[in-house]
Amino acid sequence: MAEIILNVEVREQTGTGGARATRRSGKVPGVLYGGDKDPVAIAVKSNEFRKALYTGKLLGHLVTLKYGEETQPVIAKAIDMHPVTDEPWHFDLYRVDEHQQIKIDVNVHFANEEASPGLKRGGTLGVTLHAVSVSCHADEIPEEIVVDLTGLEIGDTVRVADLKLPAGVTAAIDGDLAVASITMSKGVTDAAEATEGEA
């Protein structure tokens with residue numbers, strides 16, 4: 001089950017005024033929706049919400065919502081931050097069954113840059129997709145998708161179809177889409193042209 005538990009309370013007041021009152025009382029307002037139930041206005045204590053947020057495992061992961069003695073698996077779909085203070089301002093939670101098949105974006109992480117001959121020769125890693133949409137069970141969402149750069153040369157491209165995804169996880173976007181490529185950096189191009197000119 002999820003590592004993060006959010007203790008929520010139901011908000012009686014909704015709308016802008018209700019959200020403002022919630023923030024004044026030291027809580028972050030949010031909405032719980034999805035499934036076959038109506039949306040519910042909820043709130044979480046600001047310090048608890050910040051603690052969960054800064055684990056890096058709140059957004060896009062399965063978490064447990066706790067209301068009194070009841071628990072419910074949910075996914076945090078959106079978190080709005082205040083543009084000035086950078087404090088959590090509002091959040092949306094989506095009800096799921098933990099074994100339900102869902103589509104979700106998972107961040108891409110690049111590994112073994114030092115083992116790429118193209119990057120060693122001065123090439124540049126150009127990232128097209130920082131996250132990839134995948135389909136999987138709600139309790140099997142990968143932490144990240146790792147792209148191994150070992151052996152990649154200048155001119156090589158990693159596509160969605162090349163990604164090594166965990167068992168039970170499939171890409172939910174076109175396999176031909178480029179995730180990243182190694183290109184000749186301008187400095188290397190200029191040096192090569194200067195060498196050719198001298199020759």
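Tyr94 is partly exposed, with a relative accessible area of 25%. On this scale buried means under 20% relative accessible area, exposed means over 50%, and partly exposed lies in between (1.4 Å probe, protein chains only). Tyr33 also counts as partly exposed, at 28%.

This is a predicted model, where local features need pLDDT of at least 70, side-chain atom pairs count only at pLDDT 80 or more, and totals for chains, interfaces and linings use all residues. Residues are numbered from 1 along each chain as its sequence is written, and side-chain values use heavy atoms, with hydrogens and water left out.

Now look at the rings. The structure holds two aromatic pairs. Rings of Phe, Tyr and Trp (its six-membered ring) pair if their centres lie within 6.5 Å; planes under 30 degrees apart count as stacked, over 60 as edge-to-face and the rest as tilted. The ring centres of Tyr33 and Tyr94 are 5.4 Å apart and the planes meet at 70°, so this pair is edge-to-face. Tyr33 belongs to strand β3 (residues 27-33) and Tyr94 to strand β7 (residues 88-95), so the pair ties together parts that are 61 residues apart in sequence.

Stay in strand β3, where Gly30 has its place. Is Gly30 buried or exposed? Gly30 is buried, with a relative accessible area of 0%. Which residues does Gly30 touch, leaving aside its neighbours within four places in sequence? Gly30 is in contact with Arg11, Val40, Ala41, Ile42, His90 and Phe91. Contact means heavy atoms within 4.5 Å. Leu93 is 63 residues from Gly30 in sequence, yet their C-alpha atoms are 7.5 Å apart in space.

Step back to the whole protein. There are four helices and 14 strands. Helices (H or I, at least four residues) and strands (E, at least two) are DSSP runs, numbered from the N terminus. Among contacts between residues at least 6 apart in sequence, 65% join residues at least 24 apart.

What about overall shape? The C-alpha atoms fill a box of roughly 80 × 40 × 25 Å, taken along the principal axes. The radius of gyration is 22 Å, while a compact globule of 199 residues would have one near 16 Å. That radius is taken over C-alpha atoms, and the globule rule is 2.2 Å times the number of residues to the power 0.38. Buried residues make up 37% of the 199 residues.
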